[in-house]
Amino acid sequence: MTSPQVRPRQLLRRAAAVVAATLALGCAVALPAAGGAPVAKRVTPTDEPGVTANLWEWNWRSVGRECSVLTQSGFTGVQVAPPQNSLKRLSGDAETATVHPWWEVYQPVSYDLTSRMGTEAQFKSMVKACNKAGVKVYVDAVINHMTGQGSTSYGGVDYTPYDYPDYDPSDFHYKAGECPSSDGGIQDYNNKAQVFRCNLVGLEDLRTQTPKVQAELAGYLNKLLGYGVSGFRVDAGKHVGQDDLLAIYARLNDTNAGTRPYWVLEVFGGGPGVLSPQAFTAAGDVLGLDGGRQIFNAFKSYETNHVGSLATLEVFGTGSGLTSSAKTMSFVTNHDTDRNAGEYLGHKDGATYILANQWLLADGYGSAQVYSSFEWTQAADSPPANAQGLITNTSCTNGRWTCDHRNPGIVAMVGWHNYVGKAKRANWWTDDENVIAFSRGNRGWAGFNNGTVAKQIRVQTGLAKGTYCNVVSGPKVGGSCAGSTVVVNTTGFANVTVGAKSAVAFTKADRV
Ligand code: LM2
Ligand code: CA
């Protein structure tokens with residue numbers, strides 16, 4: 001349980017609302033027995049998402065189809081791009097000639113679900129197909145702001161600044177009013193009032209402290225929950241602020257499975273005190289953005305011709321200043337960091353990127369997420385789309401989509417991750433440079449080499465004597481290995497060759 005708990009007072013309020021609604025319908029109300037507690041909907045703990053794939057800006061049809069692949073590969077959830085109606089640009093401008101940059105979807109116009117990714121009906125059938133396949137759906141929820149430009153939307157709704165179908169000018173923060181900055185923007189990222197109540201990159205900032213705006217946002221999110229969604233990545237969570245986040249969360253219904261929705265906040269690090277990711281963990285889980293930087297520094301590092309060292313990853317988590325594993329959604333990259341090559345790894349890092357994902361899955365920190373999206377040359381590039389901006393179906397073979405969640409070496413480590421479960425790390429080994437190895441209890445062993453030459457190591461694996469399939473090179477099929485093998489002796493030791501920029505891994509179940 002890592003999302004905010006529903007407190008008894010909220011339960012009472014919810015129960016009272018149910019009674020009021022039932023009365024309004026003129027139905028008989030089953031009042032609680034005298035002295036008994038009000039009958040409230042059962043509230044069970046939030047389910048952790050497990051390993052998710054972030055199929056960012058895949059259209060709904062493609063996500064729905066991919067869920068059968070995800071479930072076979074051991075993924076238990078999928079995160080999708082913001083599904084609400086958004087800005088649709090009609091032409092390029094001085095900032096970017098790209099008419100339909102990927103970031104249109106971060107400028108909401110209304111909470112209808114007609115978007116670049118498809119229609120509301122297509123969204124619903126995607127969720128249904130994924131849930132049927134056993135994959136939970138997590139939605140990127142843009143709740144901090146509306147647009148900062150344009151007048152036309154994918155859903156056909158027109159708007160003018162500060163005036164939308166669901167909001168009027170009284171629903172926003174303004175400069176020199178609740179936003180204490182001279183131009184209405186965030187000028188000082190260490191200033192609490194500015195961070196919470198000024199415009200993030202010119203995006204009109206909602207008065208999320210008001211019951212009206214909270215009800216509007218909760219209405220949107222509850223619609224998604226009703227369609228079978230399991231939780232949310234809260235875009236710009238840092239700019240909503242803890243109090244408003246908790247107030248909105250308290251208005252959310254349970255998921256269709258009867259659990260509280262998962263709720264993970266985007267809070268980038270660097271801010272002081274209440275603006276730090278740590279200070280948001282009472283308002284939800286947080287995205288592991290600082291962890292992503294540490295991963296970059298361990299695997300790559302900014303200075304040209306230097307790599308960091310994997311040996312540093314002996315400590316990763318609260319011990320290295322990160323939020324706790326149980327409160328964090330961890331990843332190597334996402335749609336923003338993939339475009340920030342000097343500070344995070346991304347798809348363009350190739351084998352290093354794959355290796356980092358494999359390591360994260362093996363380490364077990366946070367709820368790990370693997371990012372798959374589209375190839376780009378300019379940072380603002382549109383995903384593959386038609387002339388109207390509508391995103392076309394994904395193909396993992398036409399060279400335009402990245403599909404790293406299908407990489408066999410990553411799929412192998414998703415299986416490894418699920419098999420070792422919560423077993424503690426043991427048998428840590430390192431050359432103090434770029435080769436590390438460890439077991440997770442006696443469930444599985446993995447070694448990683450981020451160097452440029454293969455290395456032979458002699459390690460304690462924690463596993464029983466036998467021959468094991470190195471699942472990174474190929475799975476166990478029937479009674480034999482499709483790829484290479486590792487021989488563990490009677491005392492648990494093995495001589496293992498770990499290739500340059502690659503991993504070797506096996507679980508107890510991979511013995512032949
Ligand atoms: C996020 N998390 O807090 C998203 O992960 C990030 O991708 C979003 O920025 C941001 N917050 C707002 O949701 C992206 C993109 C920006 C883009 C915004 C809005 O990185 O460049 O801003 O989406 O579409 C664009 C222009 C910007 C302009 C703004 C408003 O790039 O120059 O500001 O629209 O018109 C004047
Ligand atoms: Ca705000």
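Trainee: Is Asp-254 buried or exposed?
Mentor: Asp-254 is buried, because its relative accessible area is 3%. Buried means under 20% relative accessible area, exposed over 50%, and partly exposed in between, with a 1.4 Å probe and protein chains only. Please note that this is a predicted model, in which local features need pLDDT of at least 70 and side-chain atom pairs count only at pLDDT 80 or more, while totals for chains, interfaces and linings use all residues. Residues are numbered from 1 along each chain as its sequence is written, chains are lettered from A and ligands numbered from 1 in the order in which they are written, and side-chain values use heavy atoms, with hydrogens and water left out.

Trainee: Where is Asp-254 placed?
Mentor: Asp-254 is in the loop between α6 (242–250) and β7 (262–265). Helices (H or I, at least four residues) and strands (E, at least two) are DSSP runs, numbered from the N terminus.

Trainee: And which side chain does Asp-254 join in a polar contact?
Mentor: The side chain of Arg-260, at 2.8 Å. A polar contact is a pair of N or O atoms within 3.5 Å; within protein, one must be able to donate a hydrogen and the other to accept it, and residues adjacent in sequence count only if both atoms are side-chain atoms.

Trainee: What about Asn-450: which side chain is its polar partner?
Mentor: The side chain of Asn-450 makes a polar contact of 2.7 Å with that of Lys-501. Asn-450 lies in the loop between β13 and β14 (455–460), and Lys-501 in the loop between β19 (493–498) and β20 (502–507).

Trainee: Are those two buried or exposed?
Mentor: Asn-450 counts as buried, because its relative accessibility is 2%. Lys-501 counts as partly exposed, at 28%.

Trainee: What is the phi of Lys-501?
Mentor: Phi of Lys-501 is near 50 degrees, a positive value in a residue other than glycine. Asn-427 is also not a glycine and has a positive phi of about 55 degrees.

Trainee: Where is Asn-427 found?
Mentor: Asn-427 is in strand β11, and with a relative accessible area of 29% it is partly exposed. Trp-429 lies in strand β11 too, which spans residues 425–430, and Trp-429 is partly exposed at 25%.

Trainee: Changing topic, how many aromatic pairs are there?
Mentor: A search of the whole structure finds 25. Rings of Phe, Tyr and Trp (its six-membered ring) pair if their centres lie within 6.5 Å; planes under 30 degrees apart count as stacked, over 60 as edge-to-face and the rest as tilted. One of the pairs is Tyr-167 with Phe-172, which is edge-to-face, at 6.1 Å centre to centre and 75 degrees between the planes. Tyr-167 is buried at 2% relative accessible area, and Phe-172 is buried at 2%.

Trainee: Why is the pair of Phe-438 and Phe-448 stacked?
Mentor: Because the planes of Phe-438 and Phe-448 are at 25 degrees, with the ring centres 6.0 Å apart. Phe-438 lies in strand β12 (residues 435–440) and Phe-448 in strand β13 (residues 444–449), so the pair ties together parts that are ten residues apart in sequence. Phe-438 is buried at 0% relative accessible area, and Phe-448 counts as buried at 0%.

Trainee: Which charged residue sits over the ring of Phe-268?
Mentor: Lys-238 does, with its charged end 4.0 Å from the ring centre. A charge sits over a ring if NZ of Lys or CZ of Arg is within 6 Å of the ring centre and within 35 degrees of the ring normal. Arg-443 lies over the face of Tyr-419, at 3.9 Å from the ring centre.

Trainee: Lastly, which residues come nearest to ligand 1?
Mentor: Of the 16 residues around ligand 1, the nearest are Glu-95, Trp-103, Val-201, Glu-266 and Asp-336. A residue is near a molecule or strand if one of its heavy atoms lies within 4 Å of it.

Trainee: Which polar backbone atom is 2.7 Å from an oxygen atom of ligand 1?
Mentor: One belonging to Trp-103. For Ala-236, a backbone N or O atom lies 3.1 Å from an oxygen atom of ligand 1.
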